[in-house]
Amino acid sequence: MAQIGRTLHGKLVRDRIPDFIAGNGQVPKFRVFPRERLLPALVAKLHEEAEELGSAGQEDVLGELADVHEVLATITTLLG
């Protein structure tokens with residue numbers, strides 16, 4: 001009998017990631033953060049993206065900068 005794969009990420013993901021997982025025939029499990037926990041989660045995500053930017057090769061820098069920008073824009077929107 002085949003085993004079903006399960007990956008626990010335990011981190012903030014973009015809104016469309018669960019749709020992508022579902023589109024591949026899997027059932028995503030996720031939770032929506034309450035507003036009071038969203039800012040700390042976004043700051044942690046910003047740290048993660050900044051580390052990825054710092055270790056990116058030249059061909060990946062623009063993509064990583066886009067990720068950092070997206071998190072910063074979300075934080076800016078959240079804070080008004």
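**Helix packing and salt bridges**

Analyst: This is a predicted model. Start with the packing: helix 3 (61-79) is what the buried residues of helix 2 pack against.

User: Which residues of helix 2 are buried?
Analyst: Ala41, Leu42, Lys45, Glu48 and Glu49. Viewed down the axis of helix 2, these buried residues fall within an arc of 125 degrees, so they line one face of the helix.

User: And which residues are exposed on the other side of helix 2?
Analyst: Glu36, Pro40, His47, Glu51 and Gly54 are exposed there.

User: What span should helix 2 have, and how far apart are its end C-alpha atoms?
Analyst: Helix 2 has 21 residues, and at 1.5 Å a residue they should span 30 Å. The end C-alpha atoms are 31 Å apart, which agrees.

User: Switching to charges. How many salt bridges are there?
Analyst: The count comes to two. One is between Glu48 and Lys45, with the closest N and O atoms 3.3 Å apart. Glu49 and Lys45 also meet through their side chains in a salt bridge, at 3.6 Å, N to O.

User: So what links up in a network?
Analyst: Salt bridges link Lys45, Glu48 and Glu49 in a network.

User: Is Lys45 buried or exposed?
Analyst: Buried. Lys45 is at 13% relative accessibility, and the cut-off for buried is under 20%.

User: And the two glutamates, buried or exposed?
Analyst: Glu49 counts as buried because its relative accessibility is 3%. Glu48 is buried too, like Lys45.

User: New topic. Which residues make the nonpolar surface patch?
Analyst: Leu39, Val43 and Leu79 make a patch of about 240 Å².

User: Where does Val43 lie, and why does Val43 count as partly exposed?
Analyst: Val43 lies in helix 2. Val43 counts as partly exposed because its relative accessibility is 34%.

Notes
Residues are numbered from 1 along each chain as its sequence is written. This is a predicted model: local features need pLDDT of at least 70, side-chain atom pairs count only at pLDDT 80 or more; totals for chains, interfaces and linings use all residues. Side-chain values use heavy atoms; hydrogens and water are left out. A salt bridge is a side-chain nitrogen of Lys or Arg within 4 Å of a carboxyl oxygen of Asp or Glu. Buried means under 20% relative accessible area, exposed over 50%, partly exposed in between (1.4 Å probe, protein chains only). Patches are made of residues with over 30% relative accessible area and no salt bridge: like charges are joined within 9 Å, nonpolar side chains (Val, Leu, Ile, Met, Phe, Trp, Tyr) within 5 Å. Accessible areas come from the Shrake-Rupley method with a 1.4 Å probe; for residues, only the protein chains shown count as cover. Helices (H or I, at least four residues) and strands (E, at least two) are DSSP runs, numbered from the N terminus. The expected span of a helix is 1.5 Å times one less than its number of residues. The arc is that of the directions from the helix axis to the C-beta atoms. Contact means heavy atoms within 4.5 Å.
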